[in-house]
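Trainee: I would like to learn how to read a fold from its strands, helices and core. Please take me through one example.

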Amino acid sequence: MKNKPLLSRFLERVKDAFFPVRCPFCGQPLLREESCCSDCRPRLAAVDASKTCPRCGKQSCVCGPVPALEMTRCCFYYEGLAQEAVRSLKFRHRPGAALGLGGFMAEAVREGGRTWDLAVPIPMTAKKRRRRGYNQAELLCRSMAERLGMPAASALKKIRETKAQHTLDARERAHNLAGAYAADPKLVEGRRVLICDDVLTTGATLREAAAALLRSGALEVGAVTVCCVERGYAGEPAAENAGNPGENRR
């Protein structure tokens, strides 16, 4: 903030006064550079990256024979406060939760120790975006990129509808997403691209998105998510109620 022009700093203070950043877990007002309040942080189940595959981000590697991802970092296990914050962002129309959650994603990327040129969110189909009102991955991506001082762009498109992932077995999930994404070569060619999403479950979505980016000339691809589902934790993401059927398993 010290390097920002005086006017920019003044406008940020005005914005914070009237539209304060809030803890994504309890709603307590925060300073703009904070990700959550001091009460909630110790209650979060943080992922220990030293116990996960550095490429796919899972405790039991799901990279496959030819890994598409150079790095995957996840902030929390999908349980407790983190689970509720993601559900609120996706199903309870709380887009403001992306500000703090994006801050945690930025922390995870810094800890990863790699340099990235562009942040890219996992896309939605136009139909699903209209129903929800926004793409939560895009909000998370923008928040994270702002904290890191890196550009973000919607360089991925979902080019066809897919079945709900939770209804499929592992082989069917991979087949279901095959060819579902396309990337813009003008935005990604020759660049190190970091994919952003809310939850990592099986890794199918991230692998297919990474493959699309590599086909379009990306130099290398990594990923970061708010949460990761692992055996022994709260389970896979699901729709919050009957009005949100068939959330895709990532």
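This is a predicted model: local features need pLDDT of at least 70, side-chain atom pairs count only at pLDDT 80 or more; totals for chains, interfaces and linings use all residues.

Trainee: Is Val 193 buried or exposed?

Mentor: The cut-off for buried is under 20% relative accessible area. Val 193 has 0% relative accessibility, so it counts as buried.

Trainee: Which residues is Val 193 in contact with, leaving aside its neighbours within four places in sequence?

Mentor: Trp 116, Leu 118, Val 120, Val 188, Leu 213, Ala 218, Glu 220, Val 221 and Gly 222. Val 193 and Ala 152 are 41 residues apart in sequence, and their C-alpha atoms are 9.6 Å apart.

Trainee: How do I read the sheet around such a strand?

Mentor: The general idea is that strands of a sheet pair through backbone hydrogen bonds, either parallel or antiparallel. Here an open sheet of 4 strands has the order 3-8-7-4, and the pairing is parallel. Strand 3 and strand 4 (118-121) are the edge strands, each pairing on one side only. From one strand to the next, the twist averages 20 degrees.

Trainee: How many bridges join strand 4 to strand 7?

Mentor: There are 4, and the two strands run parallel. Within that part of the sheet, Ala 119 stands opposite Leu 194 of strand 7. Helix 3 packs on the sheet and touches strand 3, strand 7 and strand 8. The direction of helix 3 makes about 135 degrees with that of strand 3.

Trainee: What should I check in a helix?

Mentor: Length is one item, and cover is another. An α-helix has 3.6 residues a turn, so residues three or four places apart point the same way. In this chain, helix 3 has 16 residues and reaches 23 Å from its first C-alpha to its last, close to the 22 Å expected at 1.5 Å a residue. Its buried residues include Gly 100, Phe 104 and Ala 108. The cover over the buried residues of helix 3 includes strand 3, helix 2, helix 5, strand 7 and strand 8. After helix 3 comes Gly 113, with a positive phi near 75 degrees.

Trainee: What span should the 12 residues of helix 2 have at 1.5 Å a residue?

Mentor: They should span 16 Å, and the end C-alpha atoms of helix 2 are 16 Å apart, so the two agree. Helix 2 is mostly covered, with 10 of its 12 residues buried. Among them are Leu 81, Ala 82 and Val 86, but also Arg 87 and Lys 90. The elements that cover the buried residues of helix 2 include strand 3, helix 3, helix 4 (126-132) and helix 5. His 93 follows helix 2 and has a positive phi, near 50 degrees.

Trainee: Which residues touch the most other members of the largest nonpolar core?

Mentor: Phe 25, Phe 76 and Met 144, out of 40 residues in that core. Strand 3 (71-77), helix 2 (80-91), helix 3 (97-112), helix 5 (136-148), strand 7 (192-200) and strand 8 (220-228) each supply at least two residues of this core. Helix 3 gives the largest share, 8 residues. Another core lies apart from this one; it has 31 residues, among them Val 47, Val 193, Leu 200 and Leu 206. Beyond its neighbours within four places in sequence, Phe 76 has contacts that include Phe 25, Leu 44, Phe 104 and Val 226.

Trainee: Why does Ala 183 count as buried?

Mentor: Its relative accessibility is 14%, and the cut-off for buried is under 20%. Ala 183 lies in strand 6 (residues 181-183). Its contacts, apart from neighbours within four places in sequence, include Ala 155, Leu 156 and Leu 213.

Mentor: The secondary structure comes to 8 helices and 8 strands. Of the 250 residues, 50% count as buried. Among contacts with a separation of 6 or more, 73% come from residues 24 or more positions apart.

Conventions:
Residues are numbered from 1 along each chain as its sequence is written. Side-chain values use heavy atoms; hydrogens and water are left out. A nonpolar core is a set of buried Ala, Val, Leu, Ile, Met, Phe, Trp, Tyr and Cys residues joined through side-chain atoms within 4.5 Å. Buried means under 20% relative accessible area, exposed over 50%, partly exposed in between (1.4 Å probe, protein chains only). Contact means heavy atoms within 4.5 Å. Two strands pair if DSSP finds at least two bridges between them. Axes are lines fitted to C-alpha atoms, for helices over the stretch in contact, and angles run from 0 to 180 degrees between N-to-C directions. The expected span of a helix is 1.5 Å times one less than its number of residues.
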